[in-house]
Amino acid sequence: MTDSASRRDFLKGAGAAAAASTLPLSMVKLAFADPAQDFTFAYISDSHIQHIKGNEFVRNWDRGLIRAVAETNLLRPKPDFVMFGGDLAQLGTKAELDHGAEMLSKLNYETHMVMGEHDYYLDLGEYWSRLFGDQHYSFDHKGVHFVVLNSILTFDEWTHERWPTPEQRMLEMAALDNPNGSPFMVGEKQREWLRQDLEKVDKKTPLVVFSHSPIQKIYKGWNFWTDDAEEVQALLKPFDKATVIYGHVHQIQYNQIGNIAFHAVMATAWPWPYPESYAQAEQHMPVLTVPMNRADPFFERDATGWQFIDVATGRVAMDYNLYNNTNRRVAFDATKGHPVDTAYQAEADRIPPQDHY
Ligand SMILES: [Fe+2]
Ligand SMILES: [Fe+2]
């Protein structure tokens, strides 16, 4: 699937010559699903809308979000809903959240929001909640149970006592590699809510969990990490089909831990570079079990964009719509039992699965 072909297929009016048979979605439907069960939703994340002064905002970040909203509105087939994966704002101010909400309001679909640390740590989510509602919740759609978690909470002492001002607290959490930061967590209270929520759900029901930070421990140095990931994973374990979709890392990642498939989404703002190594012993738990197909971190707009998601028979196929690079598709492969990138780049460029530390 080429970039232009897949983009044409999904954008109304563009490239009418593209044959419907080239739809990547149809490959999955043929392979796995009762087509009547399929649906798609779109995922936009990490726009980091940044206020300068007055009516001025960082233009590049605005444009990333505006483009994602516009392209999502042109999707055919129409997505059933849109997820926004967190970090709408850069420093969590009213001006940023209002401006971001205004841009998101142009979406023609129902939109569900996930809390990011950049949205949260100025006023501990107060204004965000006023705009968007609950910070964790669940909903059912066409036989799939969806859960949204606020995964970016941390210790009470760090949150309430350590910093003299909310602004400083926000800045300390906003930095990528700041040793003054604090590990993210879902926390006991929310885990108990999740336990009760999932108790009512048949374990054969496909389960999709949305979080901002990964519910797996990828790289602690940069807080690509959720401290109570194992406890949350344990709650997802009884389900036949479980998927976690997260933002925050601003890069394409996927993994499989037991029954749980993990997919990261891209940012509309900027791509994070890759940590020096994902294989540092103390930092890397658990191992990545699937080879990583990397984008080019030196290509300015590479690995920014948004994605649409095909939920075929409850398994997730993630189509990455990149702004300046070849589109990518990572789909759960039932024969392999984990997500697979459908077009691998050169073997030498991949990060291999890590068998040992
Ligand atoms: Fe982010
Ligand atoms: Fe984040």
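I count two strands as paired if DSSP finds at least two bridges between them. Strands (E, at least two residues) and helices (H or I, at least four) are DSSP runs that I number from the N terminus.

**Entry 1: ground rules**

I am working with a predicted model, where local features need pLDDT of at least 70, side-chain atom pairs count only at pLDDT 80 or more, and totals for chains, interfaces and linings use all residues. Residues are numbered from 1 along each chain as its sequence is written, while chains are lettered from A and ligands numbered from 1 in the order in which they are written.

**Entry 2: S1 and S4**

I started with tyrosine 43 and looked up its bridge partner in S4, which is methionine 83. The two strands, S1 and S4, pair in the parallel sense over three bridges. Next I checked burial: a residue is buried if 20 or more other C-beta atoms lie within 10 Å of its own, exposed if 12 or fewer, and partly exposed in between, with C-beta atoms placed from the backbone. Strand S1 (residues 40-44) has four of its five residues buried, so the rest of the structure largely encloses it.

**Entry 3: the six-stranded sheet**

In what order do the strands of the open sheet run? I read S6-S7-S8-S9-S11-S10, six strands with mixed pairing. S6 and S10 are the edge strands, each pairing on one side only. On average, neighbouring strands of this sheet are turned by 20° against each other, direction ignored. For such angles, axes are lines fitted to C-alpha atoms (for helices, over the stretch in contact), and values run from 0 to 180 degrees between N-to-C directions.

A reminder to myself: strands of a sheet pair through backbone hydrogen bonds, either parallel or antiparallel. I found both senses here. S6 and S7 pair in the antiparallel sense over five bridges, and tyrosine 137 stands opposite valine 148 in S7. S8 and S9 pair in the parallel sense, also over five bridges, with threonine 243 in S9 as the bridge partner of valine 208.

I then took S9 by itself. Five of its five residues are buried, so I note S9 as mostly covered. Ala242, Val244 and Tyr246 point one way from S9, whereas Thr243 and Ile245 point the other way.

**Entry 4: the nonpolar core**

My definition of a nonpolar core is a set of buried Ala, Val, Leu, Ile, Met, Phe, Trp, Tyr and Cys residues joined through C-beta atoms within 7 Å. How many residues does the largest one have? I get 81, and Tyr43, Val209, Phe210 and Val316 have the most contacts inside it. Strand S13 (residues 315-322) gives the largest share of this core, five residues.

I followed up phenylalanine 210. Contact means that the C-beta atoms of two residues, placed from the backbone, lie within 7 Å. Leaving aside neighbours within four places in sequence, phenylalanine 210 is in contact with Met83, Gly85, Val114, Phe146, Val147, Val148, Leu149 and Ile245.

In helix H10 (residues 229-236), I list Ala229, Val232, Gln233, Leu235 and Leu236 as buried. Seen down the axis of H10, these buried residues fall within an arc of 155°, so they line one face of the helix; the arc is that of the directions from the helix axis to the C-beta atoms. They pack against helix H9 (188-199) and strands S8 (207-211), S9 (242-246), S10 (254-257) and S11 (260-264).

H9 and H10 pack at an angle of about 10°, with their axes 10 Å apart. The contact is made by Arg191, Leu194, Arg195 and Leu198 of H9 and by Glu231, Val232 and Leu235 of H10.

In helix H8 (residues 166-174), Arg169, Met170 and Met173 are buried. Their arc, seen down the axis of H8, is within 100°, so they too line one face of the helix. The buried residues of H8 pack against H5.

Which kind of peptide bond joins arginine 76 to proline 77? It is cis, with omega near 0°. Proline 77 lies in the loop between helix H3 (59-73) and strand S4 (82-84).

Leucine 124 has phi near 55° and is found in the loop between helix H5 (117-120) and helix H6 (126-132). Leucine 124 counts as partly exposed because it has 15 C-beta neighbours inside 10 Å. Lysine 142 has a positive phi of about 45° and lies in the loop between strand S6 (137-141) and strand S7 (144-148). Lysine 142 counts as exposed because it has 12 C-beta neighbours inside 10 Å.
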